[in-house]
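Here is a tutorial dialogue on reading a structure. Take a look at the sequence and the fold first.

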Amino acid sequence: MQRLRFDPDICLKCDTVDCIMRCQYIHLDQDRAKEEHDRLVRGQMSSILHECVTCYACEEYCPHGNHPFYLIVERQEELGVHPVPKPIEKSQVTMMGPRGKIRRKEVHDPVINMCFFDMMRGGIRGRIFEGVSTIGGPDIFCNLMFLHFARNSTIKERLPVVIENIMKFHLEPSGVNELICYHDECYGTYTSWAPAFGIEVPFKPVHLFDFMLRRMLELKDEIRPLGFTVAYQRPCSSRLCPETDSLIDDLFALIGVQRPNRRYEYDRALCCGGVIDAAQRFDLAEENRRKNVEDMRATGAQYAVFNCPFCFWTLAEPVMKAGMVPIMISDLCLMAFGQ
Amino acid sequence: MDRIHNRLEEIVGKDYVSCSAEERFIYSRDQGVQEPSEPDYVVLPATPEEVRDIVLLANEAKIPVVPMGGGLVLSGLTIPLKGGIVLDMKRMNRVLEVNENSHYAVVEAGTSQGMLDAYLRKHHPGLKHSLPDAPPVATIAGNIAIHGSGHLSQSEGGFHSEMVTGLEVVLPTGELVKLGSSSTVPGWFSRAPLPDLAGLFLGWNGTTGVITKVGIKLFPRQAHHDVLIFMTEDVDAAPDILFRVIHTGMAEDINYALSPKPDYLRGFQMIVINVTAHREDELALKIRIIRESLRPYFETKEAGFMPMPPNMKAGLLEVPQKALSKFADVRKGGGFEYVGAIMPLERIPDACRAGMEITERNGITYSLGARIIGRGHSAMFFFAYPFNRADLDEIRRVRSALEETNEASIKLGGIPWKAEAAGQKLILNSMEPATYTLMKKIRTLLDPNGIMNPGNWEV
């Protein structure tokens, strides 16, 4: 079984404890944060394991790249802390599991991996996505969502098979080496989680924003600036690849929309609240959503843009009620092409 | 052409009588496992007077009359067990009156659930009636006659028969009578304070007369809706969970479900809670109160509210629910047996166990569940067994499961709902002798020639 590449000495010597002190959901003073953090590192029960909303942010906050969030998930699982009720956890493990029904499909560059979000395939259209191949379905689902369920073990068990499926049924037979990840979650899996657990990724993962930016630069002359103010809902998995967050700025600049200066933006982005609901912390989830949407609205944003479908499903209704239009990033960019 | 056929043509017109083989075949069966039995005539009357004339003719000729609504009862109650006339009521499908202030509608007996719902949405958008989770062609009269239930049965007073404000009935001897307030004054607003004669026609499976009009209660149609699903693996926790949710007084409809499909829900008890409100903040408050009622469960992490994507939520907010209709054809081939049992809530865990044992023993698939009735006064527990009508062995196994389920329901302290003729005998065998005798006296009095749906409630 794959082990987390984690150095306890780095953590035990860390005085700033950024992973906890910068957390927007766990509120401890410095001494207490260090104490609880060190308990975690030593494999002991810690309040952090119960308080964590699994927003992934501490992966971004750690200045040492020592994977504090993956460690939290490891410890939750080892110590039997279930962030989400067990029946929901069990049903999700079955629902999202591989079906063993994958078939060989010829693809060609560029290939977009829709992951489990095959139902979003309709969004892969128009000028930006002309000529792309898509793959998707439960047999190539990255399973990273089980970080929210204290189930690193599920990812460890399934991911090697997922990678093998992608290669064997799609990329190898077609001689393709690059895989564009529709969802941050997949990109984070292949660029962060897999290396952290020593799993080799034999293809080159490409972030959707990166692909879109390249395409749109090629088609720059066709772009008509939109002139909107657009609030961006940064998804949790973006914390695993924070370098991609600036690509949103580039995309926005290209289509002529303004990313307003929000309070809950960049490294202070708030979770959409979906997993907090799943953890049955309804008041916190509601408060979180309220703060998030009010912050969006306060900027005068006309649109709220999403990359993660789950964030979209969670926030679309409150966003609409607040007078903004919820939209996926791919659709927003297509609007700049008059599509 | 025989004499009766000619007389029927004189009553309803030649386009609305048939004794052709095709028609007799279609009307000889339903989607359940009961053996087919052909009628001699199929008739579609248009007025209560035509119904009366048909009943008088049947008395004269001593032939059975079997009233039929949507024909969706699944347990053979509209199969003419002893031949005779099937009285298909679908032409009598007008909404005659809606009283907004007094919250009732008067409909003809062939009016379908879908028709009344569409009519109310169009002309009285602030009102709704309680819809069963049946296809929209199910009729109002058919459903109240079998003590059906629906999405307002939890919060608004119980079985649909309890929502009846009055009836118009053709007695087996041909008299056209009104029951309830409309018998005495204009208006179909109440069965009280008169002697409650409507009960002579509710639950009798068409053996005491032909319902021609129904007064039915209407309720406010709220603008805001939401649905919650609470999951647990502990079958014995279900009654307490249901009790807690019921006692909040915040839920419109509460259903319990257990199904082996889809795979990710196998083994989980699902409590589906529908909430409605006039205002958004009212809806939020109701949801909050319901969630709080179950805090002791979800804090242990042994149970909890399931997060739902919008498409799943949208499906669960539909009234009637299409999921059951889809499940009905899961085996393909159009067969569906839906055995219900009315029972106290505390028997739900044992009913689940019994249902699973019976289906496993008979090698059939299932969906089990319950709708809470009248704020927890009882539950309509269902054992749904889909089957392929082309598979004779499967039909045999489902029939065996049906018989075992009826027996198990009574042993559990429940009573089979809309039971087929054999199930009715089972119920009668368990009935107090004095009650049985009273039923017999009533039938003999009302139907001296025994023409009304013979083979059912044979006392």
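Q: What should I know about the model before I start?
A: This is a predicted model, in which local features need pLDDT of at least 70, side-chain atom pairs count only at pLDDT 80 or more, and totals for chains, interfaces and linings use all residues. Residues are numbered from 1 along each chain as its sequence is written, while chains are lettered from A and ligands numbered from 1 in the order in which they are written.

Q: How many helices and strands does chain B have?
A: Helices (H or I, at least four residues) and strands (E, at least two) are DSSP runs, numbered from the N terminus. Chain B has 14 helices and 19 strands.

Q: How does the radius of gyration of chain B agree with that of a compact globule?
A: The radius of gyration is taken over C-alpha atoms, and the globule rule is 2.2 Å times the number of residues to the power 0.38. For 459 residues the rule gives a value near 23 Å, and chain B has 22 Å, which agrees. Along the principal axes, the C-alpha atoms of chain B fill a box of roughly 75 × 55 × 45 Å.

Q: What percentage of the residues of chain B count as buried?
A: A residue is buried if 20 or more other C-beta atoms lie within 10 Å of its own, exposed if 12 or fewer, and partly exposed in between; C-beta atoms are placed from the backbone. In chain B, 49% of the 459 residues count as buried.

Q: What is the order of the strands in the open sheet of five?
A: Strands of a sheet pair through backbone hydrogen bonds, either parallel or antiparallel. Two strands count as paired if DSSP finds at least two bridges between them. The order here is E5-E6-E10-E8-E9 in chain B, with antiparallel pairing. Strands E5 (95-99) and E9 (176-180) of chain B stand at the edges with a single partner strand each, so one side of each has no neighbour in the sheet. On average, neighbouring strands of this sheet are turned by 10 degrees against each other, direction ignored. Axes are lines fitted to C-alpha atoms, for helices over the stretch in contact, and angles run from 0 to 180 degrees between N-to-C directions.

Q: Is E6(B) enclosed or open?
A: Five of the five residues of E6(B) are buried, so the strand is largely enclosed by the rest of the structure. Tyr104(B), Val106(B) and Glu108(B) cover one side, and Ala105(B) and Val107(B) the other; all are buried. Four bridges join E6(B) to E5(B). Five bridges join E6(B) to E10(B). In the hairpin of E5(B) and E6(B), four residues lie between the strands, and His103(B) takes a positive phi near 55 degrees.

Q: Which helices lie across this sheet?
A: Helix H3 (residues 48-61) of chain B lies across E8, E9 and E10, at about 50 degrees to E8(B). Helix H4 (residues 113-123) of chain B lies across E5 and E6, at about 50 degrees to E5(B).

Q: What pairs with strand E16 of chain B?
A: Ten bridges join E16(B) to E18(B), running antiparallel. Three bridges join E16(B) to E19(B), also antiparallel. Eight of the ten residues of E16(B) are buried.

Q: What span should helix H8 of chain A have?
A: The expected span of a helix is 1.5 Å times one less than its number of residues. H8(A) has 23 residues and should span 33 Å; its end C-alpha atoms are 31 Å apart, which agrees.

Q: Where does H8(A) bend?
A: A bend is the angle between axes fitted to the seven residues ending at a residue and the seven starting there. H8(A) bends by about 45 degrees at Met167(A). Gly175(A) follows the helix, with a positive phi near 65 degrees.

Q: Is Cys58(A) buried or exposed?
A: Cys58(A) is buried, with 25 other C-beta atoms within 10 Å. The residue sits in helix H5 (residues 57-61) of chain A. Cys23(A) is 35 residues away in sequence, yet 6.8 Å away in space, C-alpha to C-alpha.

Definitions and conventions:
Two residues are in contact if their C-beta atoms, placed from the backbone, lie within 7 Å.
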